[in-house]
Amino acid sequence: MIGTLSVSLLALLSISLPVGVVLFLLAFGIDQFYSSFPLIRGLGNMVWSSSKSATLIAIPFFVLLGEILVRSGIASRTYSALDRWFSWLPGGLIHANVATATMFSATSGSSVATAATVATVAMPQAERLGYDQRLFSGAIAAGGTLGIMIPPSINLIVYGFLTQTSIPQLFLAGLVPGLLLALAFLVVTALICAIRPDLGGTRRVFPFIDMLKALTELLPIIMLFTLIIGSIYMGWATPTEAAAVGVAGAMLIAALTSGITWKMMEASLLGTIKITAMIMLVVIGASFLNFTLASAGLGRELQDFLGSLGLTPFYTLLVIVAIYVVLGFFIETLSLMVVTIPIVVPLVLELGYDPVWFGILMIVLIEMALITPPVGLNLYVVQGARRSGSMSDVMMGSLPFVFTMGLMVAALIAMPGIALFLPAALQ
């Protein structure tokens, strides 16, 4: 069944069917060929039960929050401010790309939205200032992946929902690895551009007084992050309520800084509806697929397969990591999460690993999938913003950052405290 399911999944995705539709088709196929009971009779109940959770209401709120930040101009002003602080480093404006993605991740919750925002603002600067297109584009694609690690993260909300793991604990656990990964991206960029100065474009130094003035442009993002995360950990709001508070805060800031127009709100709401509908179709389709997989015995089959290998828990974990790396080449990231979580997470818990820690490890692996071809979404987002050159440029530019993420995976496995220290300290 595992082989048939994998081949069918790749075949359906290769003909460009929507991911949510693919998940439903796979579920119907399993029902027809691997189940003696008509599982389709449970479809209505699965659609309702998988979409009624109040936790999922946070998704459209966080998407709307990101849309408002982009369309109100807050994101572009943040980028301009960080340009003044980071452009003196080897690599210049590339560091501003990563830093802006990091700050935007702290309010957006979406990697694709983060990459699209930074790419739209930054790409016009690359050619004008003489930057290497590959490294510049790759840094934007990699920086965008931080959107699903640094809280609030839509993917962490989905993981917590599917595994019944504390979302506030997941948010805390993702903060330190996310910031460390952003720092690692900066270090890698600086090393590359120190060795090859021709890749880094023009290094610019701004007057210190201008740098201090630019800090005021960072206040909206910092205030929003503090409002969202602070309200959760002070016990004033659940993650869903904090998302709503964040939207209200973003609208207030937009009204005070650039004004709110009906055209801006219409575009923000329409973008939110499109993205949320896509996410919910995937979540519902995956829930029904997981129901059919469990009923057909795939979980037992996978357990028997891993058990037959006779591996220790550590080597079994490495096999799981390798599976995620390979699947990440071919499967869209949210789909990869929701399809595999109900199968893999019970095995990981049985091996004695912490579900919060594994959630963060999985997110890093999912981040790698966002910038590895042929299905890496961030690569296509950045290429779309470039409007010139080949996709291979973005792919090549992202390779140093893929390697950096691999090192983070190794660090999380060797030192689980990277993810678990903050939740334990604040619990």
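1. Helix α18 covers residues 355–370, and its 16 residues reach 22 Å from the first C-alpha to the last, close to the 22 Å expected at 1.5 Å a residue. The expected span is 1.5 Å times one less than the number of residues. Helices here are DSSP runs (H or I, at least four residues), numbered from the N terminus, and strands are runs of E of at least two.

2. This is a predicted model, in which local features need pLDDT of at least 70 and side-chain atom pairs count only at pLDDT 80 or more, while totals for chains, interfaces and linings use all residues. Residues are numbered from 1 along each chain as its sequence is written, and side-chain values use heavy atoms, with hydrogens and water left out.

3. Because 15 of its 16 residues are buried, α18 is largely enclosed by the rest of the structure. Buried means under 20% relative accessible area, exposed over 50%, and partly exposed in between (1.4 Å probe, protein chains only). At the start of α18, a side-chain oxygen of Asp-354 comes to within 2.8 Å of the backbone nitrogen of Val-356.

4. Asn-97 lies in helix α6, which spans residues 93–108. Asn-97 is buried, with a relative accessible area of 0%. Leaving aside residues up to four places away in sequence, Asn-97 touches Tyr-79, Val-118, Ala-122, Phe-136 and Ile-140; a contact means heavy atoms within 4.5 Å.

5. The protein chain as a whole has 21 helices and zero strands. Of its 427 residues, 53% count as buried. Among contacts between residues at least 6 apart in sequence, 78% join residues at least 24 apart.

Definitions and conventions: Polar contact = N/O pair within 3.5 Å; in protein donor to acceptor, adjacent residues only side chain to side chain.
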